[in-house]
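Hi everyone, thanks for coming along.

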Amino acid sequence: MMHVETRAISDWLFVLLKSLFFPKKNLYTWAHGWYGKESRFEAAVKLWMYRRLTKIFVYGQYAKDLIVQHGISEEKVIVIHNSLNYDKQKEIRDTLQPSDIYRNHFGNERPTLIFIGRLTKVKKLDQVLQALLQLNAKGEIYNLVLVGGGEEKASLEKLSVEMGLGSQVWFHGPSYDERTNAELLFNADLCVSPGNVGLTAMHAMVYGCPVVTHDSFQWQMPEFEAVHEGVTGTFFEMDNVDSLGESISIWINNSYGKREQIRQSCFTEIDSKWNPYVQIQILKTNI
């Protein structure tokens, strides 16, 4: 099995070897597949490679649909999803109970938003601060926790102070203790990921935290498919801070009194699709 990358010499070598010298050999790929933003040239190259593979494993249905639309047989493209350290996370999850972690830190009982991951430009976390400021003006006050370090941490800290949001934002810093991460996510009301969401969605949902992220799927990572509107999270218009603020507000207001129901929906999404046991079964069925 290989991870097809059209710019990787090793991938070309495998495909050419199969095509020229080992036509009866099976060759599989496990990759993102298709984004929807490919140029004509890149699309043509991908199709040339894909037609010479035995099967194509992709992380999500969105990618499969796009590949099939470009003429690849539906039976050849298999959705396999993605996963994290599921066994460890589920073991921790089974011990979790609501705690006062945010009440103790912020000194209030306001809804708490969270982001967990590297604080980088591609995550567009300044948009969350801008949305908080707009929501403040409407009388909707939220706590925000940013769990992680990265190149944008200092600038985000400075921006939060300049906006007068210092008391609302907890720059938790990096956390490599999974029990700490679990408590933070389990007790938060919504994970906010304005840029591409990626494995942050897996991490949040395995501990019952719903996710809001942008709706331009060609710029997303495949894990966005774990977000089901109104069930495990919600979407907003990409790079539209007004839309982000509105989505946060609607979700928090509509989810009042449903926190445990939402947790269970997030658990079910991960337990039914996004874990290594499901992936192993898919591999056994198709190889």
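Let me start with a definition: buried means under 20% relative accessible area, exposed means over 50%, and partly exposed is in between, with a 1.4 Å probe and protein chains only. Please keep in mind that this is a predicted model, where local features need pLDDT of at least 70, side-chain atom pairs count only at pLDDT 80 or more, and totals for chains, interfaces and linings use all residues. Residues are numbered from 1 along each chain as its sequence is written, and side-chain values use heavy atoms, with hydrogens and water left out.

So, Tyr62. Tyr62 sits in helix 3, residues 61-69; helices here are DSSP runs of H or I with at least four residues, strands are E runs of at least two, and both are numbered from the N terminus. With a relative accessibility of 24%, Tyr62 counts as partly exposed. Setting aside residues up to four places away in sequence, Tyr62 touches Trp34, Tyr35, Gly36, Phe217, Gln218, Phe224 and Glu225, where contact means heavy atoms within 4.5 Å. Glu225 is 163 residues from Tyr62 in sequence, yet their C-alpha atoms are 7.9 Å apart. The Tyr62 side chain also reaches the backbone nitrogen of Gln218 at 3.4 Å.

Next, two threonines. Thr213, in strand 8 (residues 211-214), is buried, with a relative accessible area of 0%. Its side chain makes a polar contact with the side chain of Gln220 at 2.8 Å. By polar contact I mean a pair of N or O atoms within 3.5 Å; within protein, one must be able to donate a hydrogen and the other to accept it, and residues adjacent in sequence count only if both atoms are side-chain atoms.

Thr200 belongs to helix 9, residues 199-206, and is buried at 9%. The side chain of Thr200 reaches the backbone oxygen of Ile116 at 3.0 Å. Beyond its neighbours within four places in sequence, Thr200 is in contact with Phe115, Ile116 and Cys191.

Finally, helix 6, residues 126-137. Which of its residues are buried? They are Gln127, Val128, Leu129, Ala131, Leu132, Leu135 and Asn136. Just after helix 6, Gly139 takes a positive phi of about 85°.

That's my tour; I'm happy to go back to any of these spots.
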